[in-house]
Amino acid sequence: MKIKPILKWITRVILVALVLGFLVGFIAYWGSTNDCDRKIALVNPMKAIRYCEYGSPDEVLKLEQVEKPVPNDNQILVRVRAVSLRFYDGGMLQGGIGRLIFGLRKPKNTTPGSDFSGTVETVGSNVAEFKPGDEVFGVRAGALAEYICVTASRAVVSKPGNVTFDQAASIPTALVALQGLRDTGHVKAGQKVLINGASGGVGTFAVQIAKTFGAEVTGVCSTRNLDLVRSIGADHVIDYTKADYTKSDQRYDVIYDLVNNRSFAERRRVLKPGGICVLAGVGGSGMHKETLFNMAGALTASLRSKFAKEKFVMFGVDINKKDLGILRDLTESGKIVPALTKTYPLTETAAAYTYLETGHVPGKIAITID
């Protein structure tokens with residue numbers, strides 16, 4: 001068999017694949033657009049935050065008038081009262097690797113925010129669960145607006161009566177903690193659980209949810225957040241500026257890692273035989289010099305654990321109505337309390353995003369809509 005013709009054939013196939021890949025990417029890039037340039041006469045205007053291009057919060061976030069949505073037969077119209085920010089929200093504005101999801105050239109969904117709370121304004125003809133005046137919270141893309149339409153059968157439930165709208169808007173973040181600890185970490189009563197990044201938006205919920213499972217919880221955070229982590233129920237707190245949890249004599253059944261700033265070997269050392277490290281984050285919001293390193297560390301740890309007794313597991317959150325209901329019940333019973341540390345009015349949304357992107361925000365921040 002002659003090798004030269006085969007090499008030529010393989011080379012041609014690779015060249016054709018590269019050309020086709022370039023054309024597909026080129027078309028996808030220039031086809032990625034939004035409705036910002038369309039001029040529409042507004043019949044029922046409302047206020048909303050919009051971003052038509054990628055960039056820094058001060059440059060791209062604008063408070064504008066848009067058309068008020070109308071619910072279909074299966075939706076409810078919600079008067080939004082508050083929206084909390086998630087760790088990835090800042091990355092949406094900047095684009096970066098998020099362009100693969102949010103739009104290559106321009107953002108497809110021009111209104112940011114997803115975790116909301118508010119009051120039901122009207123209901124569709126097929127909706128029986130809610131009625132006008134009900135207070136609700138949930139998840140819906142494009143939440144930073146005065147009104148949003150939400151499918152009643154999806155990620156929206158009644159608001160706990162013992163928390164404010166600002167606090168309620170932060171509860172959906174706890175889905176990451178609930179599912180990571182329950183479904184991936186399989187946390188049980190009496191186990192020792194370490195939360196790395198215990199003072200952040202997800203971490204503060206993770207500490208409390210691990211306690212509801214009956215675990216002995218150790219939280220890792222900076223000096224300024226020690227009191228916060230203690231106040232939400234952590235049994236032990238480690239100040240990472242003074243001590244390295246991977247060098248202690250303590251062993252843990254589960255490490256819930258929201259930072260991923262330690263090596264596979266270091267974390268494995270403090271896991272009990274057969275323990276689980278849940279890879280739940282990469283250290284705060286926005287892109288920083290350590291972010292890509294932490295992302296790579298999470299991926300390699302997950303792969304390496306295939307050959308070890310101790311498991312390092314990445315997971316994706318499932319936004320669903322049932323688990324939102326569980327979080328509501330835990331909140332109403334006082335077993336979890338949203339650690340809301342800062343609020344901004346809608347007019348200062350850019351400032352809220354700028355603060356979020358510092359990457360070390362304690363607890364949750366929310367934007368209120370009057």
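Which residue forms a salt bridge with Arg-182? I looked this up first. The partner is Asp-323, and the closest N and O atoms are 2.9 Å apart. I noted that the model is a predicted one.

**Entry: Arg-182 and Asp-323**

I placed the two residues along the chain. Asp-323 is in helix H11 and Arg-182 in helix H6 (residues 174-184), so the pair links distant parts of the chain, 141 residues apart. I then checked how far each one is covered. Asp-323 has 5% relative accessibility, and it counts as buried because that value is under 20%. Arg-182 is partly exposed, its relative accessible area being 27%.

**Entry: other salt bridges**

I wrote down the total, which is 16 salt bridges. I looked at two more of them.

One joins the side chains of Glu-129 and Lys-321, at 3.3 Å from N to O. I found both ends partly exposed: Glu-129 has 48% relative accessibility, and Lys-321 has a relative accessible area of 22%.

Another is formed by the side chains of Asp-257 and Arg-267, with 2.9 Å from N to O. Asp-257 is part of strand S11 (residues 252-257) and Arg-267 of helix H9 (residues 264-269), so the parts tied together here are ten residues apart in sequence. I noted Asp-257 as buried, and Arg-267 as buried too.

**Entry: the loop between S11 and H9**

I stayed with S11 and H9 and went through the loop between them, where Asn-260 lies. Is Asn-260 buried or exposed? I have it down as buried, at 2% relative accessibility. Its phi is near 60°, which is a positive value in a residue other than glycine.

I went back to H6 and followed the chain into the loop between H6 and strand S8 (192-196), where I found His-186. His-186 also has a positive phi, near 50°, and is not a glycine. I recorded His-186 as partly exposed, with a relative accessible area of 41%.

**Entry: second largest pocket**

I looked up the second largest pocket, which holds about 560 Å³ of space. Its lining is made of 24 residues, and those nearest the centre are Asp-35, Arg-50, Val-66, Glu-67 and Thr-111. Strand S1 (45-50), strand S2 (62-67) and strand S6 (147-151) are the elements that give two or more residues to this lining. Which of them gives the most to the lining? I found that S2 does, with four residues. I sorted the lining by residue kind and have twelve nonpolar, five polar and seven charged residues.

**Entry: a nonpolar patch**

Ile-10, Ile-14, Leu-15 and Leu-18 make a nonpolar surface patch of about 380 Å². I looked up the place of one of them, Leu-15, and found it in helix H1 (residues 3-31).

Terms used: Residues are numbered from 1 along each chain as its sequence is written. This is a predicted model: local features need pLDDT of at least 70, side-chain atom pairs count only at pLDDT 80 or more; totals for chains, interfaces and linings use all residues. Side-chain values use heavy atoms; hydrogens and water are left out. A salt bridge is a side-chain nitrogen of Lys or Arg within 4 Å of a carboxyl oxygen of Asp or Glu. Buried means under 20% relative accessible area, exposed over 50%, partly exposed in between (1.4 Å probe, protein chains only). Patches are made of residues with over 30% relative accessible area and no salt bridge: like charges are joined within 9 Å, nonpolar side chains (Val, Leu, Ile, Met, Phe, Trp, Tyr) within 5 Å. Accessible areas come from the Shrake-Rupley method with a 1.4 Å probe; for residues, only the protein chains shown count as cover. On a 1 Å grid over the protein atoms alone, a cavity is a set of points where a 1.4 Å probe fits but cannot get out, and a pocket is an open set with protein on both sides within 12 Å along at least five of seven lines; lining residues have an atom within 4 Å of a point. Grid points are joined across faces, edges and corners, and a volume is the space filled by probe spheres set on the points. Ala, Val, Leu, Ile, Met, Phe, Trp, Tyr, Cys and Pro count as nonpolar, Asp, Glu, Lys and Arg as charged, and the others, Gly among them, as polar.
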